[in-house]
Amino acid sequence: MWYFCDVFGRIWQSPFVLFYLLAFWIAPAFMHPQCLDFKPPFQPQQELQFCKMYTYFGCCDYARDQELMAKYYRIMDNFDYYGFSNCAAYVQDLLCQECSPFAAHLFDAEDPSTPIHTIPGLCPDYCSQLHSKCSSFLTLLSDDPRIEELKHDQRKLCQYLEVDDPDYCYPHLLSNELLTKNLGRTAADSDGCLQLCLEEVANGLRNPLAMVHANDGTHRFFVAEQVGLVWVYLPDRSKLEKPFLNITKAVLTSPWEGDERGFLGLTFHPNFKYNGKLYVYYSVEVGFDERIRISEFRISSADMNVVDHGSERIILEIDEPASNHNGGQLLFADDGYLYIFTGDGGMAGDPFGKFGNAQNKSALLGKVLRIDVDDNEKGPLYRIPSDNPFVHERNARPEVYAYGVRNMWRCSVDRGDPYTKEGKGRIFCGDVGQNKFEEIDIVEKGRNYGWRAKEGFSCYDKKLCANSSLDDVLPIFAYPHKMGKSVTGGYVYRGCENPNLNGMYIFGDFMSGRLMSLKENRNTRIWEYNEICMGMGLTCSFPGLINNYYPYIISFAEDEAGELYFMSTEIPSATSSTGVVYKIVDPSRRAPPGKCNYDPHSVRVKSHRIPFKPKETLIGVSIPTKRPRLSHAENPPDAASEDWLQELPGNFKEPDVQITPTPFTPTTAKPLKTSRQRKVRRRKGKQKNGAVRLVGDEESQRDRGRVEIYANGEWGTICDDLWNTKNAVVVCRQLGFRHALKAAKHAEFGEGKDLKIILDDVQCEGTEETLLDCQHAGVGTHNCAHYEDAGVICGNSGSE
């Protein structure tokens with residue numbers, strides 16, 4: 001399944017790859033700022049001297065500005081005093097449009113149906129004025145033979161220099177409030193959903209649940225799979241054939257979807273560059289007992305890209321009473337100590353002991369632990385930091401740093417603002433909820449995070465919740481299960497490449513596939529929420545960017561430079577190689593060229609390198625090939641010609657630009673979002689148990705809708721818990737369609753409030769005759785509401 005956004009920015013899924021998506025939807029004409037190097041605009045590091053109108057946001061750095069100024073003086077050398085006074089401003093205006101945030105639009109570099117301009121697209125009134133005063137200089141700006149041919153015919157020349165969209169002609173676009181109002185800010189739709197894009201970084205992984213760097217200057221990143229393998233990726237994104245770590249024989253996991261056991265965490269010692277130490281967190285079976293194990297390894301002395309497997313030292317083992325809620329995060333905070341995040345022991349409601357493991361400070365489960373692993377070559381494998389909060393409390397484990405957590409899944413340390421260092425050292429965690437709420441916490445020494453007394457902001461165990469001695473700290477944010485049912489904690493963005501994202505905490509939900517963000521209001525200290533959607537229309541139509549991802553968001557990551565990534569998979573099984581690593585990109589603004597450059601330390605490679613081959617593509621945008629305008633003497637290009645994107649930068653003499661785009665087909669289906677319900681298409685005659693029908697917004701759209709099922713003499717709806725492609729296949733095939741194009745959730749086609757909920761927790765193999773033949777909670781048995789009504793979009797061919 002894929003996740004991407006419709007024109008309203010809302011997330012939806014499609015079960016098949018690009019050629020199985022609906023082809024009749026045309027991407028909206030949603031233009032976006034873009035430079036001639038096909039990248040977003042930026043603020044130059046040094047103030048521009050010539051094209052000053054773009055000194056705060058545009059497409060030229062100081063060096064390019066100086067080149068344009070030199071070109072200006074070369075052109076003006078051709079004019080006498082009269083010509084100079086009439087034409088100087090026009091020459092400067094036209095030259096500087098290369099620096100405009102909308103340069104790609106002005107030069108028509110994005111519109112595949114028109115030739116590429118060598119002069120920016122001009123508004124008719126401006127063009128008429130220019131022609132009447134000094135049309136002769138246009139041939140000094142461009143070697144296009146048509147301009148020479150038309151220079152004496154104002155009407156034809158101005159028609160030739162027009163762009164198809166009048167909103168984007170110069171200079172009227174400067175006064176177009178729709179274009180300039182939020183220029184340079186992260187784009188959002190009418191619901192406030194932030195429009196971001198992705199870059200595929202790695203693929204073919206089996207439940208990738210950790211990606212870390214060694215902070216050793218090499219800019220390698222290490223990706224861990226749930227089965228117990230860790231792979232090395234080099235800065236060029238090639239993967240080393242030999243695993244960095246292989247403890248698959250020791251790791252306890254299974255192919256079951258949703259199994260929480262396995263290799264769960266990895267972190268490098270802050271001084272790894274000098275001591276070669278790293279730490280891992282994984283599930284093991286000892287006799288008949290299941291445990292979590294934290295071990296120390298050292299790097300091999302013979303190969304810097306391989307762990308010495310014989311160096312393992314078990315730092316800590318904790319018995320797990322159940323197979324779920326295993327925690328799994330390891331990290332070193334700014335104080336240099338190792339933090340270990342354990343789950344509450346599993347089952348439901350933390351049923352262990354009088355108050356549960358999480359509230360019991362004599363238990364290590366349901367806690368944040370802090371230990372000192374420095375200088376442990378002799379003596380104990382770890383020591384207790386002297387300022388741990390419960391060192392002197394009777395019956396409390398001295399390792400405990402914070403308690404009252406249920407199952408913190410993915411935590412991170414804030415690097416702090418790059419300039420002020422504000423926020424530096426804060427530890428953010430996502431804590432997975434029970435029945436109602438998921439939460440984000442900032443972990444602080446000695447604090448109680450409330451579980452099992454509280455879940456999010458609400459009471460779970462009412463007796464414990466009313467206890468005046470609870471003294472718990474509330475989360476900075478909590479969201480209900482209609483938005484997602486398993487939070488995946490993320491990172492505060494502190495990288496260089498996406499300046500708009502600085503200070504934004506980005507996280508997700510494993511079950512719903514939502515990407516979300518929080519940003520602290522400096523005045524109120526309240527964390528403000530925005531959902532993140534994939535960019536709509538042309539927002540992500542930059543080389544190498546995509547606007548879709550697999551739905552099961554497993555983990556987030558930060559590379560050595562501070563850029564942000566997340567990992568997700570199509571099938572949440574430890575043996576399914578459908579996991580992908582994505583880099584998060586803000587298409588509205590980038591850092592100025594040269595600012596984010598780094599020089600990785602050399603890596604001695606002894607293993608075979610496997611080059612990275614991206615598999616994912618942009619969805620919903622058509623970018624056919626086109627060629628620059630030809631003179632009458634030239635022949636049309638043949639099919640083997642180079643892509644127009646590769647040639648365009650050369651037309652503007654931009655050096656060393658490499659563009660490798662992929663042609664895409666407009667194939668995204670537009671989900672129906674209105675509240676009206678179309679007439680239900682009822683079948684004649686007596687209905688059979690298991691019959692289905694689709695109910696939606698428009699009578700003409702018979703291939704999609706809310707799924708209603710007939711059982712025990714009545715029609716009813718189906719909840720979207722566990723609703724997936726295989727379930728949708730059964731429904732679509734029943735209705736006579738060949739393919740299931742989407743398994744829709746969150747009542748996308750409206751709520752069936754006048755009907756009973758008949759099925760919940762449906763799990764099909766895809767071969768069943770009806771949904772009643774699949775596994776489910778039982779007819780009429782459910783734990784959901786109509787805002788979770790499931791739907792489908794069906795189709796008959798991959799080219800539909």
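User: How many helices and strands does the chain have?
Analyst: In this predicted model, the chain has 12 helices and 37 strands, and 59% of its 800 residues count as buried.

User: And what share of the contacts comes from residues 24 or more positions apart?
Analyst: Among contacts with a separation of 6 or more, such residues account for 63%.

User: Switching to rings, how many aromatic pairs are there in the whole structure?
Analyst: The search finds 28 aromatic pairs; one of them joins Y72 and Y73, edge-to-face, with 5.2 Å centre to centre and 70° between the planes.

User: Is Y72 buried or exposed, and what about Y73?
Analyst: Y72 is buried, with a relative accessible area of 9%, whereas Y73 counts as partly exposed at 47% relative accessibility.

User: Which parts does the Y90 and Y126 pair tie together?
Analyst: That pair is also edge-to-face, at 5.5 Å centre to centre and 65° between the planes, and because Y90 lies in helix 2 (residues 81–96) and Y126 in helix 4 (residues 124–134), it ties together parts that are 36 residues apart in sequence. Y90 counts as buried at 9% relative accessibility, and Y126 counts as buried at 8%.

User: Which residues do ring pairs link into a cluster?
Analyst: The cluster linked by ring pairs consists of F428, F477, Y479, Y505, F507, W527 and Y529.

User: What sits over the ring of Y787, and what lies over the face of W715?
Analyst: The charged end of K482 sits over the Y787 ring, 6.0 Å from its centre, while R693 lies over the face of W715, at 4.0 Å from the ring centre.

How values were computed: Residues are numbered from 1 along each chain as its sequence is written. This is a predicted model: local features need pLDDT of at least 70, side-chain atom pairs count only at pLDDT 80 or more; totals for chains, interfaces and linings use all residues. Side-chain values use heavy atoms; hydrogens and water are left out. Helices (H or I, at least four residues) and strands (E, at least two) are DSSP runs, numbered from the N terminus. Buried means under 20% relative accessible area, exposed over 50%, partly exposed in between (1.4 Å probe, protein chains only). Contact means heavy atoms within 4.5 Å. Rings of Phe, Tyr and Trp (its six-membered ring) pair if their centres lie within 6.5 Å; planes under 30 degrees apart count as stacked, over 60 as edge-to-face and the rest as tilted. A charge sits over a ring if NZ of Lys or CZ of Arg is within 6 Å of the ring centre and within 35 degrees of the ring normal.
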